[in-house]
Amino acid sequence: MRAQINGSAAFVAAFLVFSAHICFPTTAHSYSPATPLLEALSNLTEHSFPFCPLTIGSNSTDHQYDCGYNPLCDDFPPDFPPPDTPAVSVFCVDPNGCCDFTTVQAAVDAVPNHSSKRNVVWINKGIYFEKVNIPSSKPNITFQGQGFDMTAIAWNDTAKSANGTFYSATVSVFASGFVAKNISFMNVAPIPRPGAVDAQALAIRINGDQAAFWGCGFFGAQDTLHDDRGRHYFKECFIQGSIDFIFGDARSLYENCRLISIADPVPSGQRSITGSVTAHARVSEDDNTGYSFVHCSIGGTGWIWLGRAWRPYSRVIFAYTSMSDIIASEGWNDWNDPSRDQYASSNASVYSYLHNTSTLTSAFMYFEFPGLYFMESTSVQVMVPTWQIECLMLRSSVMRKYYLT
């Protein structure tokens, strides 16, 4: 049976994980109690009085309590959500009962199956302690938060409690056309020690095609972001973890993202590996999957690899990416399978480092491989391989059709 979250303990856990690296500290878990984020999150737990229990279902918008009045809804727009249009429907979620739903899953369940409309699940500020599943029958859903430091979905499953790593995700997306903006996905399970068994804890699993994320946060430790299958685009996201915290076999483009390691710090003078950023799982030279990181930055703590070859033909590229001195000089690891090293030299398994900046004195490996060329983006010139061009096309398509201002 899945372990249940204790409300107070869970809030404290989420509070600490959420704030640990939000201001990009160079030391793990250091933060100032005076930061605006902490102040804002603290305000989320303060109730106005009188506080009366709701007397109607969680799907009501009447804002009525036993005492006849819900003061928590004073600042809520009276005409929200807006009426449906032929192209867009809006489902409003508020933890205080000020609009359609009090849980994200309830809003997802209300979206019609196989809808061709854009169904926007507007989620008010707060931390929503729940597991959320978006089945393949519900495409074209958008999660619209109020800022990745103000709106979050959190749970605490692990591989052990969920009977498998893939099932531990706080949010699972199996539908195509999913979009998220200004929201965080969190797994607040205890941070595992290196070598811990069944301690993997996913914040999100993305299994649907054509998914896009803008200004989102992904918080966890081991296996934070399961970038599983499909074409995915991440723009200006904050991704935190310790071991293989971006993993899977998707074809994904990460642009202007911040990758923060919370791996165990290494004592001065020692160089023992304590974490890894990626673990890609391409299984065949014919597969067109891989991760591209363009104009990103890597910081945090530990002594970590940029990636481990989870499968023989793993493929990850870092281009124009700044890296702090936490990156091990060898760059990547063959998952204790020396046969995977040969694929790197033949350009089948690619962990490449292109025009990056780093404080390391030793040079990274550099691969010349077919299909790499310059392509003009909207305002900057980015270097991507041909197998990632479709991700750029996806970005343009999603921005044109699905971006909610």
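These legends walk through close-up views of a predicted model. Local features need pLDDT of at least 70 and side-chain atom pairs count only at pLDDT 80 or more, while totals for chains, interfaces and linings use all residues. Residues are numbered from 1 along each chain as its sequence is written, and side-chain values use heavy atoms, with hydrogens and water left out.

**View A. Cys73 and Cys98 are joined by a disulfide.**
A disulfide here is a pair of cysteine sulfur atoms within 2.5 Å, and searching the whole structure turns up 2 of them. In this one the sulfurs sit 2.0 Å apart, and the link is left-handed, with -90° about the S-S bond. Cys73 is in the loop between helix H2 (36-43) and strand S1 (88-93), and Cys98 is in the loop between S1 and helix H3 (104-110), so the pair ties together parts that are 25 residues apart in sequence. Helices (H or I, at least four residues) and strands (E, at least two) are DSSP runs, numbered from the N terminus. Both Cys73 and Cys98 are buried; that means under 20% relative accessible area, with exposed being over 50% and partly exposed in between (1.4 Å probe, protein chains only).

**View B. Cys92 and Cys99 make another disulfide.**
Here the sulfur atoms are 2.2 Å apart. The torsion about the S-S bond is about -85°, so this disulfide is left-handed. Cys92 is buried at 0% relative accessibility, and Cys99 is buried at 0% as well.

**View C. Leu259 sits in the largest nonpolar core.**
A nonpolar core is a set of buried Ala, Val, Leu, Ile, Met, Phe, Trp, Tyr and Cys residues joined through side-chain atoms within 4.5 Å. The largest has 52 residues, and those with the most contacts inside it are Phe143, Phe185, Phe213, Phe218, Tyr254 and Leu259. H3 gives the most to this core, with 3 residues. Leaving aside neighbours within four places in sequence, Leu259 is in contact (heavy atoms within 4.5 Å) with residues including Ile239, Phe245, Val277, Phe293 and Phe318. Another core, of 9 residues, lies apart from the largest one; Phe148, Ala154, Phe219 and Ile260 are among its members.

**View D. Strand S6 pairs with S3 and with S9.**
Of the 5 residues in S6 (residues 151-155), 5 are buried. Thr151, Ile153 and Trp155 point one way, and Ala152 and Ala154 the other. Two strands pair if DSSP finds at least two bridges between them. S3 (residues 126-129) runs parallel to S6 over 4 bridges, with Ile127 opposite Ala152. S9 (residues 184-187) also pairs with S6 in the parallel sense over 4 bridges, and Phe185 in S9 stands opposite Ile153.

**View E. Arg205 and Asp228 form a salt bridge.**
A salt bridge is a side-chain nitrogen of Lys or Arg within 4 Å of a carboxyl oxygen of Asp or Glu, and the count comes to 5. In this pair the closest N and O atoms are 3.1 Å apart. Arg205 is in strand S10 (residues 204-206) and Asp228 in the loop between strands S13 (225-227) and S14 (231-235), 23 residues apart. Both partners, Arg205 and Asp228, are buried.
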